[in-house]
Amino acid sequence: MTRSIEREIRVEAAPEVVYEVITSPEHLREWWPDEADLEAEPGATGTLTFGAEPETKVATLTVIEAEPPRRFAFRWAYDGDVATVENSLLVTFDLTPSGDGTVLRFAETGYDEAGKPDEMFEDHSRGWAYFLPRLAPYTERLASRP
Amino acid sequence: MIDDELWSAIGDPTRRRMLDLLLANGGGTATSLSEHLPVTRQAVAKHLGVLDRVGLVHATPAGRERQYTVDEDQLARAISQLATVTEAWDRRLRRIKRIAETIQRDREPNT
């Protein structure tokens, strides 16, 4: 499947700067969680903390690839266990220099591996891209319900 | 935070196909669904159990079997969660862009 989000944005900053913003805990906590404990080294595990005490939620993170200033990839799980292929989402950032700036490609994928292949179709075209448009009429009907 | 159970319930292609069939036919049983799917009736029944647990389908007795229908409110909720997750990443990416561009400008005061 195909729970997958992909984005591409242009950033008017050098890839080195963008990489730093994506990977350093100091900047991470500005754009994502409330607290980040992370070392950008392959195999390293860290945590992201959301919310204030005592209502905090801790997500775990495992760094998969860290190649400054080109690629950063990690898995993250929000059930508190160590993020592995079975329980987590894979996030990748690819940085490509473009003039004075950077093209940043982002993807979050997962749950594919968490499924049970023997029970699954060998049909990957039936992902969200196929499914959502077919459901649109149903949701519109729900939305227009009095 | 998204609802993990709801996500993984809807994340499986066989279960999505089942929801599709149930919506198209206005409901169905494990037997009627298995006729349209390359999996056994037992496997279909197991998948229906997963969908039932997260409230995506509801069962009513129909003879020896159970008739399942889709809970369209819950399905709409699952779909809106997908949109929420996507929007959250869009916000994060906008923040990454803003932070990086601010740092870059600070490092090059002449440009």
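## Briefing: a predicted two-chain model

Setting aside neighbours within four places in sequence, Ala44(A) is in contact with Glu39(A) and Val63(A).

**Around Ala44(A)**

- Ala44(A) sits in the loop between strand S2 (35-37) and strand S3 (45-50) of chain A.
- A buried residue would need 20 or more.
- Ala44(A) and Phe74(A) are 30 residues apart in sequence. In space they are 9.5 Å apart, C-alpha to C-alpha.

**Confidence in chain A**

- The mean pLDDT of chain A is 75. In this chain, 69% of residues reach 70 or more.
- Which elements of chain A have the highest and lowest mean pLDDT? Helix H1 (residues 15-23) has the highest, 94. Helix H3 (residues 128-143) has the lowest, 45.
- Over residues 112-143 of chain A, pLDDT stays under 50. For this stretch the model has 43 contacts beyond four places in sequence.
- Where pLDDT is low, the predicted coordinates should not be read in detail.

**The nonpolar cores**

- In soluble globular proteins, nonpolar side chains tend to be buried together.
- The largest nonpolar core has 29 residues. Val18(A), Val21(A), Ile22(A), Trp76(A) and Ala100(B) touch the most other members.
- Which elements each supply at least two residues of this core? From chain A they are H1, strand S4 (57-67), strand S5 (71-77) and strand S6 (89-98).
- A second, separate core has 16 residues. Among them are Ile10(B), Met18(B), Val44(B) and Leu75(B).

**Helix H1 of chain A**

- In H1(A), 7 of the 9 residues are buried, so the helix is largely enclosed by the rest of the structure.
- The buried residues are Pro15(A), Val17(A), Val18(A), Tyr19(A), Val21(A), Ile22(A) and Thr23(A).
- What does Val21(A) contact, leaving aside neighbours within four places in sequence? The list is His27(A), Ile96(B), Ile99(B), Ala100(B) and Ile103(B).

**Chain B and its helix pair**

- Chain B has 5 helices and 2 strands. Along the sequence the pattern is α-α-α-α-β-β-α.
- Of the 111 residues of chain B, 28% count as buried.
- Take contacts in chain B between residues at least 6 apart in sequence: 49% join residues at least 24 apart.
- Helix H2 (residues 13-25) and helix H4 (residues 41-53) of chain B pack at an angle of about 80°. Their axes are 10 Å apart. H2(B) and H4(B) are therefore roughly perpendicular to each other.
- H2(B) brings Thr14(B), Arg15(B) and Met18(B) to the contact. H4(B) brings Val44(B), His47(B), Val50(B) and Leu51(B).
- These contact residues divide into 4 nonpolar, 2 polar and 1 charged.

**Two loop sites**

- Asp12(B) lies in the loop between helix H1 (4-10) and H2 of chain B.
- Why does Asp12(B) count as buried? Asp12(B) has 21 other C-beta atoms within 10 Å, and the cut-off is 20 or more.
- Asp12(B) and His47(B) are 35 residues apart in sequence. C-alpha to C-alpha, they are 9.3 Å apart in space.
- Pro69(A) is found in the loop between S4 and S5 of chain A. The peptide bond from Pro68(A) to Pro69(A) is cis, with omega near -5°.

Notes: Residues are numbered from 1 along each chain as its sequence is written. Chains are lettered from A and ligands numbered from 1 in the order in which they are written. pLDDT is the predictor's confidence in each residue, from 0 to 100. Helices (H or I, at least four residues) and strands (E, at least two) are DSSP runs, numbered from the N terminus. Two residues are in contact if their C-beta atoms, placed from the backbone, lie within 7 Å. A nonpolar core is a set of buried Ala, Val, Leu, Ile, Met, Phe, Trp, Tyr and Cys residues joined through C-beta atoms within 7 Å. A residue is buried if 20 or more other C-beta atoms lie within 10 Å of its own, exposed if 12 or fewer, and partly exposed in between; C-beta atoms are placed from the backbone. Axes are lines fitted to C-alpha atoms, for helices over the stretch in contact, and angles run from 0 to 180 degrees between N-to-C directions. Angles under 35 degrees count as roughly parallel, over 145 as roughly antiparallel, 65 to 115 as roughly perpendicular and the rest as oblique. Ala, Val, Leu, Ile, Met, Phe, Trp, Tyr, Cys and Pro count as nonpolar, Asp, Glu, Lys and Arg as charged, and the others, Gly among them, as polar.
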